[in-house]
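Thanks for making time. I have one structure to go through, and I will keep to what can be read from it.

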Amino acid sequence: MAQPREIAERLLDAQVDFILAEVSGDRFTEVVGRDVAAVLEVADTIVLRDVVTVEDAKQTLRVVVDRIGGGPAIGDSVGVFADAIYDNIARNEEYTLGDVVDREPVEALLEKIFGMHQAQERLLERLTESPLIATVASKFVDRLIDDFMESNRQMASKIPGVGSLVSFGTSAAKSARKAAEKAADGTFIGEMAGKGALFALKRTNNAIREMLRDAPVHSAAMEFWDLHAGESVSGLRDYLTQQDVRELAQIVHQIALTTREKEYFGLLLDECVEVFFTKYGDHTLAGLLPELGLSDQDIRTEILRYGPAVVEAAKRNGVLAGLIRERLEPFYTSDAVLRILGDVTA
């Protein structure tokens, strides 16, 4: 008569074979469907906040953001991805920009941006606090004046006797302005030059403010969009070189990496968790799936998309059978089971 250990080993072999058969061929599909339904049935009885605390969720989210974004695979792939995207854009003549991005959300976005008067006012106010920006505005205004005066000079030169008079006035104005620029050293003229720069900035701000509010900027922006929407996506490469795209991608990645290390970013993540639990904390785990745009069929489909190939590979090299045996063997060779088998065979 077989000994208890021998029977235990035979039972172990039989269960290993049974489990392997469960994940083989068509049977795998049936098992996945059965087990997904069973898991969701259990999940429908478990409320989120009963099994996950807000603090644990905060820690998990921080770990996910910290680990995934900072892995070497992401950093090494940024430039490669940027090159691949550019190469695809460069040769894609099949799709237009309008095919990729719908017009309606673009129109809504631009309308919202141009309608944000409070943000525009605040931004323009803060600009007046920067001496350097005031200087830039002054040069901008100066350039407009120069262009205007040059245009007048060219027109006046066609009229006998007027051209020399306009040229003299232009030269005098330029000389006076150069003298003011050289005297920016705390003298009266230098102080006037500084006030002139501030005045130029305010005039520039007023022009921007009036343009955003009164001019048909939104319609002009949409006209610009419509002009490009019918062109192929490949036309985007006219705006940026491949090196530009690569460097921009790397800069954005670097900004993301350095920003997430800041304490304030952690506070933002914590707030996201708080908001999520306030809205969905009383949902069951299964009830969250529709809120995430998922269904039980989606879960089955994705498992069946990758599962069979992984299982078959693990079966071929013997890893799967070894793992199953490793998990079950302690049970079949335990003293309790051997005693039961001994009693049965006695």
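The protein chain has 18 helices and zero strands. It runs to 346 residues, and 25% of them count as buried. If you take the contacts with a separation of 6 or more, 84% of them come from residues 24 or more positions apart.

Next, confidence. The average pLDDT for the protein chain is 84, and 84% of the residues score at least 70. Residues 183-190 are a stretch where pLDDT stays under 50. For that stretch the model has six contacts beyond four places in sequence. Where pLDDT is low, the predicted coordinates should not be read in detail.

What lines the second largest pocket? The lining consists of Ala-82, Ile-85, Tyr-86, Ile-89, Leu-236, Arg-237, Tyr-239, Leu-240, Val-245 and Ala-249. Two elements give two or more residues to that lining, helix 5 (72-91) and helix 13 (242-260). Helix 5 provides the largest share, four residues. By class, nine of the lining residues are nonpolar, none is polar and one is charged. The space in this pocket is about 190 Å³.

There is also a cavity. The count is one cavity of 30 Å³ or more, and the largest cavity holds about 40 Å³ of space. Leu-97, His-228, Glu-231, Ser-232, Gly-235, Leu-236 and Tyr-239 line it. That lining splits into three nonpolar, three polar and one charged residues. Leu-236 and Tyr-239 are in the cavity lining, and they are also listed for the second largest pocket.

Last, a loop residue. Ala-286 sits in the loop between helix 14 (263-280) and helix 15 (288-291). Is Ala-286 buried or exposed? The relative accessible area of Ala-286 is 15%, and the cut-off for buried is under 20%, so Ala-286 counts as buried. Leaving out residues up to four places away in sequence, Ala-286 touches Leu-40, Ala-43 and Asp-44. Ile-46 is 240 residues from Ala-286 in sequence, yet the C-alpha to C-alpha distance between the two is 8.1 Å.

That is what I have; I will take questions now.

How values were computed: Residues numbered from 1 in each chain as written. Predicted model: local features only at pLDDT ≥ 70, side-chain atom pairs only at ≥ 80, totals over all residues. Heavy atoms only, no water. Buried < 20%, exposed > 50% of the residue type's maximum accessible area, 1.4 Å probe, protein only. Contact = heavy atoms within 4.5 Å. 1 Å grid on protein atoms, 1.4 Å probe; cavity = no way out; pocket = protein on both sides within 12 Å on 5 of 7 lines; lining within 4 Å. Points joined across faces, edges and corners; volume = space filled by probe spheres on them. Nonpolar A, V, L, I, M, F, W, Y, C, P; charged D, E, K, R; others polar. pLDDT = per-residue confidence, 0-100.
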